[in-house]
Amino acid sequence: MANPLTMIFGSRNDRVLRRIKKTVTKINALEEGMKALDDDALRAKTTEFKARYEEGELLDSLLPEAFAVVREGGVRAMGMRHFDVQLIGGVVLHEGNVAEMRTGEGKTLVATLPAYLNALSGNSVHLITVNDYLASRDAAWMGKLYNFLGLEVGVVKSGQSQEEKRSAYSADIVYGTNNEFGFDYLRDNMAFSMADKMQGQLAFAIVDEVDSILIDEARTPLIISGAAEDSSELYRKINKLIPRLTRRSSEEAEDGDFVIDEKQRTVELTEDGHELVETMLIEGGLLNGDDSLYAATNLGLLHHVNAALRAHNLFQRNVEYIVQNGQVVLIDEHTGRTMPGRRLSEGLHQAIEAKENVNIQAESQTMASTTFQNYFRLYETLSGMTGTADTEAFEFRQIYGLECVVIPTNLPMKRKDMNDLVFMSKEEKLEAIVEETRTIIENNAPVLVGTASVETSEELSDYFKKANIEHKVLNAKYHEQEAEIIAQAGRPGVVTIATNMAGRGTDIVLGGNLEAELASLDDDGAKEAARAAWEERHQAVLDAGGLHIVGTERHESRRIDNQLRGRAGRQGDPGASRFFISLDDNLMRIFMGNMAGVMQKVGMERGESIESRMVSNSIERAQRKVEGRNFDIRKQLLEYDDVANDQRQIIYSQRDQLLAGEGVEEMITNIRADVIYSGIDRVI
């Protein structure tokens with residue numbers, strides 16, 4: 001039952017929107033005045049705003065005028081006018097909160113408003129994206145507007161020289177990935193002089209896809225490491241022993257050499273397994289006959305055995321990683337993209353390299369580390385935007401002090417989200433997906449089939465080939481073809497199989513990407529013909545019901561599912577989505593084992609499925625459980641890192657004082673005095 005006070009006064013979100021709409025009214029009142037200015041006069045507003053700020057005027061009071069200037073600049077530089085709901089999003093970001101905007105509502109354009117306003121203070125504004133492709137794309141795209149208004153734009157990416165990085169960070173607006181900003185912070189605090197530092201003050205940050213970066217990535221620490229000892233031969237020897245071990249058949253059974261807990265993603269040796277491993281190690285000359293694997297002197301050996309067990313049983317090729325150019329390259333489970341240069345710690349990466357029989361790289365030792373949580377909390381003002389934040393509103397508030405504000409859509413949502421279809425087996429599910437796809441393309445609608453792994457995308461591709469359904473595959477192996485595949489994905493009857501790569505930041509235009517097509521043409525006549533052909537295709541797709549999303553399984557996180565759904569029904573376009581699920585899927589098997597018994601009692605035959613809102617709700621409850629568990633893991637990681645972070649900030653602060661000072665005598669004298677006095681206090 002609704003809260004009576006909420007019914008009278010509206011929700012907290014409603015009240016925030018009402019307050020901001022008053023500011024939007026002020027911005028709209030300035031629009032005609034800005035239109036009357038010529039380009040030079042509009043550009044001169046930037047200099048005027050900077051002067052007013054230096055004289056003591058607050059950014060909050062400059063906001064209506066500054067936003068009106070950006071809106072008019074957008075029309076002139078890019079032919080894009082900010083909608084009122086985008087102005088609301090801009091105010092939310094400026095106030096240091098999270099703006100939840102539906103996919104397709106133009107978040108990239110929204111960011112230009114607070115970015116411009118906060119750059120007037122003289123400090124660089126950092127715009128953080130999830131990958132290098134989006135950082136470069138957004139900087140080039142929105143750079144036209146910033147440059148028109150007299151601001152400089154920089155892009156930081158991996159592989160740049162120190163001079164290129166320093167030049168990028170000196171710009172008014174800086175685009176880059178979360179990894180690059182985080183690693184540059186660590187590199188700055190390893191610099192040997194103040195002149196070698198690049199990043200500057202952490203004043204204002206806008207995080208695009210904020211839930212991906214501040215929540216999904218929060219379990220991954222940022223580590224800069226150096227080479228340590230080489231144990232590659234030991235990894236190879238241990239790797240040969242693991243296939244001789246057998247897994248326990250069930251939780252109740254007493255057989256097997258090791259037990260896997262799929263919920264916690266852990267592997268443990270049983271008593272029998274421990275004895276067998278010791279016997280094999282003795283036979284291989286790695287352990288003395290009278291020695292125990294658990295002796296203090298053999299902990300390193302036990303560590304290698306555990307790493308090899310995890311590599312063989314928890315990490316699957318084409319799911320968690322791919323082998324590319326003789327190297328094991330990790331795949332981000334949330335974005336579906338490869339993560340070159342990122343390695344698993346504690347010898348696990350080396351164990352996977354031994355398993356895949358590729359060159360084993362030397363182990364590393366940590367030289368500097370932090371977490372994304374503690375890095376982003378260093379910014380004076382942090383804000384973010386995404387299409388899927390409300391499910392994690394509690395975590396944003398508790399960890400980062402960020403409030404989530406849900407922004408209304410510019411046009412009503414027309415997408416139909418249908419109930420899940422649940423099948424007994426994976427084979428039945430894939431066969432049903434093939435038939436569903438065939439039915440959709442017969443109506444001339446495009447189809448995006450979302451998969452959770454490279455392996456599933458390739459398996460489904462084989463099914464489509466047997467059914468003679470033409471299609472394209474987008475996964476971590478073919479990422480260089482991404483722009484071309486996405487440009488064609490909205491054409492009538494086109495089928496695209498994609499991993500989570502086609503989730504965040506991907507704009508599938510109904511009828512195909514006209515801009516990409518026009519960019520490849522020089523002749524005006526050919527461009528006109530292309531426009532006419534696109535209009536025809538666009539209308540055909542609209543008549544067919546828009547883009548259809550087919551999900552092949554539910555992800556652990558509801559947000560990833562919502563991101564996939566969000567590729568359809570953008571900006572008021574029609575669309576449809578449905579997930580096909582089997583009891584073999586990881587989420588169902590691990591967290592909803594009781595569902596199999598229910599379906600067997602019903603007496604389902606091959607090919608039959610259950611479609612029920614109740615079943616879909618049960619699956620979402622299982623997802624909420626997993627999300628809650630993952631939140632606990634992130635919170636625990638943060639509590640551990642908070643202790644290290646306090647020490648890190650003291651060390652980095654003292655380090656900066658040493659680098660900035662002309663001499664170290666005074667600091668050394670003070671430290672010596674502190675040590676002596678604390679020693680005396682302990683004794684006396």
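# Figure legends: close-up views of a predicted model

View 1. At 58% relative accessibility, Asp681 counts as exposed, because the exposed class begins over 50%. The model shown here is predicted. Asp681 sits in helix 28, which covers residues 665–683.

View 2. Gln373 belongs to helix 17, residues 372–376. Is Gln373 buried or exposed? Gln373 is buried, with a relative accessible area of 1%. The cut-off for buried is under 20%, so Gln373 qualifies. Neighbours within four places in sequence are left aside in the contact list. Gln373 then touches Ala218, Ile399 and Tyr400, among others. Its list also includes Arg634, Leu637 and Leu638.

**View 3. Gly511 in a loop.** Gly511 lies between strand 18 (495–498) and helix 22 (514–519), in the loop that joins them. The relative accessible area of Gly511 is 0%, so the residue counts as buried. Which residues contact Gly511, once neighbours within four places in sequence are left aside? They are Gly490, Arg491, Trp534, Arg537, His538 and Val541. Arg537 is 26 residues away along the chain, yet the C-alpha atoms of Gly511 and Arg537 are separated by 4.8 Å.

**View 4. Domain layout.** The protein chain is divided into four parts: domain 1 (11–221 + 371–406), domain 2 (233–365), domain 3 (416–611) and domain 4 (632–682).

**View 5. The whole chain, for orientation.** The protein chain has 28 helices and 21 strands. Its C-alpha atoms fill a box of roughly 90 × 80 × 60 Å along the principal axes. The radius of gyration is 28 Å; a compact globule of 684 residues would have one near 26 Å, so the two agree. Of the 684 residues, 50% count as buried. Among contacts between residues at least 6 apart in sequence, 73% join residues at least 24 apart.

**View 6. Surface and charge.** The protein chain exposes about 32,300 Å². Carbon and sulfur atoms supply 49% of that area. Side chains include 77 positive and 110 negative ones. The centres of the two charge sets lie 4 Å apart.

Key
Residues are numbered from 1 along each chain as its sequence is written. This is a predicted model: local features need pLDDT of at least 70, side-chain atom pairs count only at pLDDT 80 or more; totals for chains, interfaces and linings use all residues. Side-chain values use heavy atoms; hydrogens and water are left out. Helices (H or I, at least four residues) and strands (E, at least two) are DSSP runs, numbered from the N terminus. The radius of gyration is taken over C-alpha atoms; the globule rule is 2.2 Å times the number of residues to the power 0.38. Buried means under 20% relative accessible area, exposed over 50%, partly exposed in between (1.4 Å probe, protein chains only). Contact means heavy atoms within 4.5 Å. Accessible areas come from the Shrake-Rupley method with a 1.4 Å probe; for residues, only the protein chains shown count as cover. Lys and Arg count as positive and Asp and Glu as negative; His and the chain ends are not counted. The place of a charge is taken as NZ of Lys, CZ of Arg, CG of Asp or CD of Glu. Domain bounds come from an automatic or database domain assignment.
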